[in-house]
Structure formats: C-alpha cells, structure tokens
Amino acid sequence: MKYFAIPLTALLAVSAAPTAQTAESDFTFEQRIAAAEAVTSELFDELSGRLNSALSEGDHSAAIRVCRDEAPAIKTRLSLEHGWHISRVGTRVRNPLLGTPDPWERSVLDDFERRIGTGEPITDLTHAEVVEAGEKRYFRYMRGIGVQSNCLACHGAREQMDAPVRRILEERYPHDRAFGYEVGELRGAFTVIQPMPEAERE
Ligand code: HEC
C-alpha cells in the first residue's frame with residue numbers, strides 16, 4: 001500500500017542520487033532531500049507491509065511486536081546502511097525513549113499541524129533544512145505520518161480497542177499518550193539526520 005505521493009522529480013533525482021563512491025561533500029541539498037525521501041519511503045513500505053500482514057491475520061500481538069521490535073530494528077538497519085540517523089517521532093508518544101521529538105522536531109511537527117490547518121494534505125508534509133549545532137552542521141529532514149484506519153486498533157480511542165490489545169499496551173507502555181487519534185490526524189513524522197562534512201562549510 002502506497003501512501004506517500006512521491007513527485008516524479010524526486011524519483012528522477014533519486015536515480016541521479018550520489019553513490020557510495022561520491023564524496024559526501026558533493027551532495028547537493030536536492031540530492032539530500034531525494035535520498036531522505038527514498039529512505040523514509042523504504043521504511044514506511046517495509047513497516048506497513050509487515051503491519052498489514054500481521055493485522056490481516058487478525059494477530060494483534062504479532063502486530064504489536066511489529067511496532068515494538070521490528071520498527072526500531074528496521075530503522076537501526078537503515079541508519080547503519082546509510083550512516084544517517086533515521087527514526088520516527090510522535091505528536092503524542094507511546095514509547096518516550098524512542099519516539100519523543102527533540103525541540104527542532106517538535107517545532108516542525110507544530111508547523112505540520114499548522115499546514116494541515118490550512119488544508120495541505122498530510123502526504124505533502126515534508127521539511128528539509130541545514131541545522132547548525134555548535135561546530136557541526138546537519139542536514140535534517142522530516143516527513144509527516146498521517147493516521148489511517150489500520151492504525152486505530154492501537155492508536156484510536158482506548159475504549160474501542162480490543163481488550164487484549166489494550167491490556168498489552170497498558171502493561172508495556174505505562175506512559176502511553178499515543179491513543180485517541182482519528183483518521184486524517186497527524187500521528188508523527190519520519191526524521192532523518194545526515195551529518196555534513198567540514199568541506200561543506202562556507
Ligand atoms: C498493533 C498495534 C499498532 C498498530 C496497528 C499501529 N501501531 Fe504505531 N505503535 C504501536 C506500538 C506498540 C508503538 C511503540 C513502539 C516502540 O516501543 O517504540 C507504536 C509507535 C508508533 C510511533 C512512534 C512514536 C511513539 O508513539 O512511540 C508512530 C509514529 C506510530 N506508531 C505510527 C503508527 C501508524 C501511522 C500506524 C498505522 C499505519 C500505526 N502506528 C499502527 C502499536 C501499533
């Protein structure tokens with residue numbers, strides 16, 4: 001199931017994206033955006049594929065394992081493959097250790113909420129910026145994640161959750177705030193941080 005609309009220009013840019021042989025400093029801002037778009041699509045497709053197959057078998061505890069164990073494992077694998085930090089954060093968070101936005105991410109999520117308020121579709125919500133932190137510069141990218149109907153089993157109203165799902169979630173996530181969502185709301189975002197080499201400094 002595809003949920004992100006990827007503009008054709010981005011796909012073309014991906015095919016022209018730098019290879020491992022290209023020096024990191026040769027990356028343009030647009031190439032970094034295209035690469036971040038590609039990797040977040042990969043993460044999303046892999047996660048929703050695994051989640052949907054567990055849900056279609058009606059196996060909620062397997063689906064919870066997908067979100068709890070496989071999601072962090074997939075993003076760690078992609079982070080290692082690319083040498084970037086690739087993760088996901090929530091507007092309200094179930095796992096505070098892994099899903100809490102940092103202040104920059106929080107401000108982008110707030111801006112995404114504002115953009116939704118002006119009628120922008122969630123599938124268009126991306127933001128890319130070069131951010132300075134002390135001596136270092138980072139390319140940072142975020143892409144909004146919307147709530148779909150298949151998320152509600154675990155992120156919808158608590159009183160409408162299946163009793164076993166609710167029990168597992170309450171046991172495992174005592175600080176859970178990631179429920180009560182409705183379809184079409186912003187659930188969070190994928191987030192990518194690429195360190196930029198010194199050579200890219202002005
Ligand atoms: C079967 C239950 C289940 C379903 C269905 C589910 N999730 Fe989750 N979700 C979880 C669990 C459990 C976590 C906490 C994972 C962890 O421990 O890091 C989570 C965490 C998240 C996070 C990370 C931020 C946080 O709150 O910790 C995002 C973003 C998220 N889910 C989005 C979605 C979206 C979007 C969908 C629908 C496409 C979805 N989830 C469907 C159970 C589910």
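Trainee: Where is Ser-48 found?

Mentor: Ser-48 is found in helix 2, residues 29-56. Keep in mind that this is a predicted model.

Trainee: Why is Ser-48 called buried?

Mentor: Its relative accessibility is 8%. Buried means under 20%. The value for Ser-48 is under that cut-off, so Ser-48 counts as buried.

Trainee: What does the side chain of Ser-48 reach?

Mentor: The backbone oxygen of Phe-44, at 2.7 Å. A polar contact needs N or O atoms within 3.5 Å. The distance of 2.7 Å is within that limit, so the pair meets the distance cut-off.

Trainee: Now Arg-115. Which helix is Arg-115 found in?

Mentor: Helix 5, which covers residues 103-117.

Trainee: Why is Arg-115 called buried?

Mentor: Apply the cut-off again. Arg-115 has a relative accessible area of 14%. Buried means under 20%, so Arg-115 is buried.

Trainee: Which residues is Arg-115 in contact with, leaving aside its neighbours within four places in sequence?

Mentor: Glu-120, Asp-124, Leu-125 and Thr-126. Contact means heavy atoms within 4.5 Å.

Trainee: How many residues surround the ligand, and which are the closest?

Mentor: There are 24 residues around the ligand. The closest are Cys-151, Cys-154, His-155, Tyr-173 and Arg-187. By class, the shell has 13 nonpolar, six polar and five charged residues.

Trainee: What about Tyr-173 and Arg-187?

Mentor: An N or O atom in the side chain of Tyr-173 is 2.7 Å from an oxygen atom of the ligand. For Arg-187, a polar side-chain atom lies 2.6 Å from a ligand oxygen.

Trainee: How many helices and strands does the chain have?

Mentor: Seven helices and four strands. Along the sequence, the pattern reads α-α-α-β-α-α-β-β-α-α-β.

Trainee: What share of the chain counts as buried?

Mentor: 41% of its 202 residues.

Note on methods: Residues are numbered from 1 along each chain as its sequence is written. This is a predicted model: local features need pLDDT of at least 70, side-chain atom pairs count only at pLDDT 80 or more; totals for chains, interfaces and linings use all residues. Side-chain values use heavy atoms; hydrogens and water are left out. A residue is near a molecule or strand if one of its heavy atoms lies within 4 Å of it. A polar contact is a pair of N or O atoms within 3.5 Å; within protein, one must be able to donate a hydrogen and the other to accept it, and residues adjacent in sequence count only if both atoms are side-chain atoms. Ala, Val, Leu, Ile, Met, Phe, Trp, Tyr, Cys and Pro count as nonpolar, Asp, Glu, Lys and Arg as charged, and the others, Gly among them, as polar. Helices (H or I, at least four residues) and strands (E, at least two) are DSSP runs, numbered from the N terminus. Buried means under 20% relative accessible area, exposed over 50%, partly exposed in between (1.4 Å probe, protein chains only).
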